Amino acid sequence: MKKIAIIGSGNIGLSLAKGLVKADFAKAADITLTRRNIDHLQSFADAGFVVSNNNKDAVAKSNILILAVLPQQLNTVLDEIHPVVNPAKHLVISVISGVSCAAVREKLGADVEVIRVMPNTAIAIGQSMTCIASDNATVENITDVTKMFETVGSVVKINEDLMTSATALCACGIAFFLRAIRAASQGGVEIGFHADEALKMAVQTAKGAADLLLLHGTHPESEIDKVTSPKGCTIAGLNEMEHNGFSSSLIKGIKLSALQAGNLYTKAQ
Ligand SMILES: NC(=O)C1=CN([C@@H]2O[C@H](COP(=O)(O)OP(=O)(O)OC[C@H]3O[C@@H](n4cnc5c(N)ncnc54)[C@H](O)[C@@H]3O)[C@@H](O)[C@H]2O)C=CC1
Ligand SMILES: O=C(O)[C@@H]1CCC=N1
């Protein structure tokens, strides 16, 4: 039976824990959640998770270690757990942005298998887009970790040098699309809807747009062509958005996020 320790149970660590249990990949009792102040984890303890502020103890009792602290908190954690990490027993999964597998091994030892994983917060509801990379894990362990994250969304295996790009597009991407939905609902209020109904309409419309692409396997522009009637109102609105930099601002934001993701760990040193 796999025992999982999530070291650093904040936003993404807890989303992952919820998702793995919801998907029946693990039982709550087999997941140890660590955090410095465990008072914040009471609801998880009530739900059957093991909660602890002792990282070394959590590592010693587990075989899958998921590192989920902030980049600037990582070195302290690695120095702390290093004495109890055993390459024959532990597989290390890091969701930390901007930190290479090699950098984790520098602290934990050259023989430790490290897999870098970039999920997003939709993992809590089994809808993550998760990217996976490793430079030293066995095919068997990569396959197992792929299967683990496939229980909570879609998985794409990528080269490690694209991990910061994956962070921007997929992990930060949740915030980008949510802001787009909020903006659409605010537009809806200006044209006559109450905020709650405008938000509901914007959310379902966004979901419909994403599902069209997923289910039809089409390119966005081909679906857009079906909406834009000649001389119609869609093309008028769409072109106005483009004149104001809609696509350009998304592209520029994603590029800046990717750059920042690559600098998070080095800036923290
Ligand atoms: N939030 C997101 O959507 C995503 C975050 N990530 C990455 O996951 C990591 C965590 O991000 P968030 O969850 O957003 O941050 P967060 O700040 O919500 O979570 C970090 C947690 O680590 C805990 N922590 C700090 N030092 C600790 C220590 N010594 N021992 C045990 N716990 C400790 C903190 O109390 C906090 O609960 C970051 O490296 C981030 O780059 C990756 C993908 C998505
Ligand atoms: O904003 C951040 O730095 C983290 C990494 C990806 C999502 N949240």
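A residue is taken to be near a ligand if its C-beta atom, placed from the backbone, lies within 6 Å of that ligand. By that criterion, the residues around ligand 2 in this predicted model are Ser-97, Thr-167, Ala-171 and Cys-172. The shell around ligand 2 consists of two nonpolar and two polar residues, with no charged residue. Ligand 1 has 26 residues around it, of which Gly-8, Gly-10, Asn-11, Ile-96 and Ser-97 come nearest. Helix H1 (11-22) and helix H4 (74-81) are the elements that give two or more residues to this shell. Helix H1 gives the most, with three residues. In composition, the shell around ligand 1 holds twelve nonpolar residues, twelve polar residues and two charged residues.

The ligands may now be placed against the chain as a whole. The chain has 269 residues, and buried residues make up 33% of them. It contains twelve helices and eight strands. Along the principal axes, its C-alpha atoms fill a box of roughly 70 × 40 × 35 Å. Of the contacts between residues at least 6 apart in sequence, 64% join residues that are at least 24 apart.

The eight strands form an open sheet with mixed pairing, in the order E3-E2-E1-E4-E5-E6-E7-E8. At its edges are strand E3 (50-52) and strand E8 (153-157), each of which pairs on one side only. From one strand to the next, the twist averages 25°. In general, the strands of a sheet pair through backbone hydrogen bonds, in either a parallel or an antiparallel sense. Strand E1 (residues 4-7) and strand E2 (residues 31-34) provide a parallel example, pairing over four bridges. Within this pair, Ile-4 has Ile-31 of E2 as its bridge partner.

Helix H5 (residues 101-108) lies across strand E5 (91-94) and strand E6 (113-118), and runs at about 140° to E6. Helix H7 (residues 163-171) packs on the sheet and touches both E6 and strand E7 (128-133). The direction of helix H7 makes about 35° with that of E6.

Several positions carry a record annotation. An unreviewed UniProt entry lists Asn-55 under "binding site". This residue is found in helix H3 (residues 55-60). Is Asn-55 buried or exposed? Asn-55 has 23 other C-beta atoms within 10 Å, and a residue with 20 or more counts as buried, so Asn-55 is buried. Beyond residues up to four places away in sequence, Asn-55 touches Ile-7, Thr-34, Val-77, Glu-80 and Ile-81.

The unreviewed UniProt entry also lists Ala-68, Val-69, Leu-70 and Pro-71 under "binding site". Leu-70 has its place in the loop between strand E4 (64-67) and H4, and Pro-71 lies in the loop between E4 and H4 as well. Leu-70 counts as partly exposed because it has 14 C-beta neighbours inside 10 Å. Pro-71 has 19 such neighbours inside 10 Å and therefore counts as partly exposed too.

Thr-218 has its place in the loop between helix H9 (195-216) and helix H10 (220-227). Because Thr-218 has 13 C-beta neighbours inside 10 Å, it counts as partly exposed. Its C-alpha atom is separated by 23 Å from that of Met-201, which is 17 residues away along the chain. Setting aside residues up to four places away in sequence, Thr-218 touches Leu-213 and Glu-223.

Leu-213 lies in helix H9. With 13 C-beta neighbours inside 10 Å, Leu-213 is therefore counted as partly exposed. Its contacts, again leaving out residues up to four places away in sequence, are Thr-218, Pro-220 and Glu-223. Leu-213 and Glu-223 are ten residues apart in sequence, and their C-alpha atoms are 7.9 Å apart in space. Thr-218 and Leu-213 each touch Glu-223.

Conventions: Residues are numbered from 1 along each chain as its sequence is written. Chains are lettered from A and ligands numbered from 1 in the order in which they are written. This is a predicted model: local features need pLDDT of at least 70, side-chain atom pairs count only at pLDDT 80 or more; totals for chains, interfaces and linings use all residues. A residue is buried if 20 or more other C-beta atoms lie within 10 Å of its own, exposed if 12 or fewer, and partly exposed in between; C-beta atoms are placed from the backbone. Two residues are in contact if their C-beta atoms, placed from the backbone, lie within 7 Å. Ala, Val, Leu, Ile, Met, Phe, Trp, Tyr, Cys and Pro count as nonpolar, Asp, Glu, Lys and Arg as charged, and the others, Gly among them, as polar. UniProt positions are given in the numbering used here, feature names are shortened, and annotations may be inferred rather than shown by experiment. Two strands pair if DSSP finds at least two bridges between them. Axes are lines fitted to C-alpha atoms, for helices over the stretch in contact, and angles run from 0 to 180 degrees between N-to-C directions.
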